Amino acid sequence: MRPFLSHPFDDDKLKEECGVFGVIGVSDAANFVALGMHALQHRGQEAGGIVSHDPEQGFNSARRFGYVRDNFTDPDTMATLPGALAIGHVRYSTAGSKGATAIRDVQPFFGEFAMGGAAVAHNGNLTNAAALRRELIERGSIFQSSSDSECIIHLMARSIQKNIPERMKDALRRVEGAFSVVAMTRTKLIGVRDPLGVRPLVIGRIGEGWALSSETCGLDIIGAEFIREVEPGEMVVIDETRGIESFHPFERRAARFCIFEHVYFSRPDSILGGRSVYETRRQIGVELAKEAPVDADLVCPVPDSGTPAAIGFSQQSGIPYAMGIIRNQYMGRTFIEPTEQIRNMGVRLKLNVNRALIKGKRVILVDDSVVRGTTSRKIKDMILDAGAAEVHFRIASPPTAWPCFYGVDTPERGKLLAANMSEDEMRDWIGVDSLRFISLDGLYRAVGEAGGRNPNAPRYCDACFSGDYPVAPSDKIEQGFEMKAAE
């Protein structure tokens, strides 16, 4: 069981993918993009970049490590990004040099073509990127980054189509996996979702201009009106004079939106598929209380992502909701040298138990997921140290037993607790009085599927729970990954 104990510090959550944002038809578009990126910061905190276009100065870009607030609020920096058209990207590395990103890996990527320049920002993962990269290099392409997203630029460069949107269609027909793309030319803003619509992308209206965003919360921050989602398999091409043109360049398929966006990734104030993310998470708690009731004195969320589900659990069960764990809102990665002793304190640097509330109580802890289980063990120890009589975990997602290959940084399968243990074994390993996960059917009911999951035609991508991959991860299979055997 060493793989679950050896991971350093408090890195026991699935990492968000990335966030993309674009604006056309507003003065100083880069400032609006920076605001949108700030609203999408939860989707990636490693680095960010903006590309803008001005008719007189052409394309300009700025790419930085760290938070948007630290890099794209300086007037001198923003003055280098003029124009009424800009796109941006916030990154958490899911492919390439994870955790050791070079500045060349930071998006948006830019390419100069015969008909003018274009920049591309991508949220998702290409499951055939390694094969494409080998092919492109053999044909003379020179890659500047380790990112799978750069394949899109090279495929566009090799297309014989006469304009950039058509070249993008050519390129994206060659890739497999998940992609929500925001791109720009000198005059156009482009948004595309893959045929399954795995990752989100929405359209907004701001004055006479337009915006594209990974989530509706990005529209809210700039005062844009939410118009609609980009449909799975749709490309929208927007310019200031003709407005939105819609194309469907891919073979139509049944959509499989990522269900974990509802569980964890998206902000609770966003709207996905016409549903409030907050309300879905609250309903997950309701379903959990129905499926896994337990006698207890308090329902406490593990901050912050467990909060809506804990509220729903409390409302359904009638057990009082309480803030038994308090988050230190000013904690970064770490503010002192992470020695072994400090790494062991990792959770305590971020979370503290409300001892006066917990002592002597039977506590239900509601969390969004269990990945390696290391954080769950530490939180349990903190609750017991504070004098709790009992600790019960209720998890607002099914067991995460399979890695994601569509844009989420997931540990390899051998390091996922649920891939190696039964629910009872996980309970004993974490050391709690009870441990229950919401069922996959219960999760589907919470997102509005009254009959639960249809195994013959599931509406969502739930591969991390079910092992049912809607797109075969060809690169990983080539490296030895074994798909789930047919039942």
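Tutor: Contact here means heavy atoms within 4.5 Å. Keep that in mind as we go through this predicted model.

Student: Happy to. Let me start with helix α10: which of its residues are buried?

Tutor: Buried means under 20% relative accessible area. In α10, which spans residues 307-317, the buried residues are Thr307, Pro308, Ala309, Ala310, Gly312, Phe313 and Ser314.

Student: And what covers the buried residues of α10?

Tutor: The cover includes one helix, α9 (277-291), along with the strands β17 (298-301), β20 (362-367) and β21 (390-395). Look also at the residue just after α10: Gly318 has a positive phi of about 80 degrees.

Student: Let's turn to the sheet that holds β6. In what order do its strands run?

Tutor: Read across it as β5-β6-β7-β8-β12-β13: 6 strands in an open sheet, with antiparallel pairing. The edges are β5 (109-113) and β13 (243-247); each has a single partner strand, so one side of each lacks a neighbour in the sheet. On average, neighbouring strands here are turned by 20 degrees against each other, direction ignored.

Student: How many bridges join β6 and β7?

Tutor: There are 8 bridges, linking β6 (residues 116-126) to β7 (residues 177-184) in the antiparallel sense. To find your place along the pair, take Gly124, which stands opposite Phe179 in β7.

Student: Which strands does helix α5 lie across?

Tutor: Helix α5 (residues 150-158) lies across β5, β6 and β7, and runs at about 135 degrees to β6.

Student: Now a single side chain. Is His262 buried or exposed?

Tutor: His262 counts as buried because its relative accessibility is 1%. This histidine, His262, lies in helix α8 (residues 260-265). Leaving aside neighbours within four places in sequence, His262 is in contact with Phe257, Leu272, Val277, Thr280, Arg281, Val447 and Tyr460.

Student: Last topic: cysteines. How many disulfides does the count come to?

Tutor: A disulfide is a covalent bond between the sulfur atoms of two cysteines. The cut-off applied to the sulfur atoms is 2.5 Å, and by this rule the count is 0.

Terms used:
Residues are numbered from 1 along each chain as its sequence is written. This is a predicted model: local features need pLDDT of at least 70, side-chain atom pairs count only at pLDDT 80 or more; totals for chains, interfaces and linings use all residues. Side-chain values use heavy atoms; hydrogens and water are left out. Buried means under 20% relative accessible area, exposed over 50%, partly exposed in between (1.4 Å probe, protein chains only). Helices (H or I, at least four residues) and strands (E, at least two) are DSSP runs, numbered from the N terminus. Two strands pair if DSSP finds at least two bridges between them. Axes are lines fitted to C-alpha atoms, for helices over the stretch in contact, and angles run from 0 to 180 degrees between N-to-C directions.
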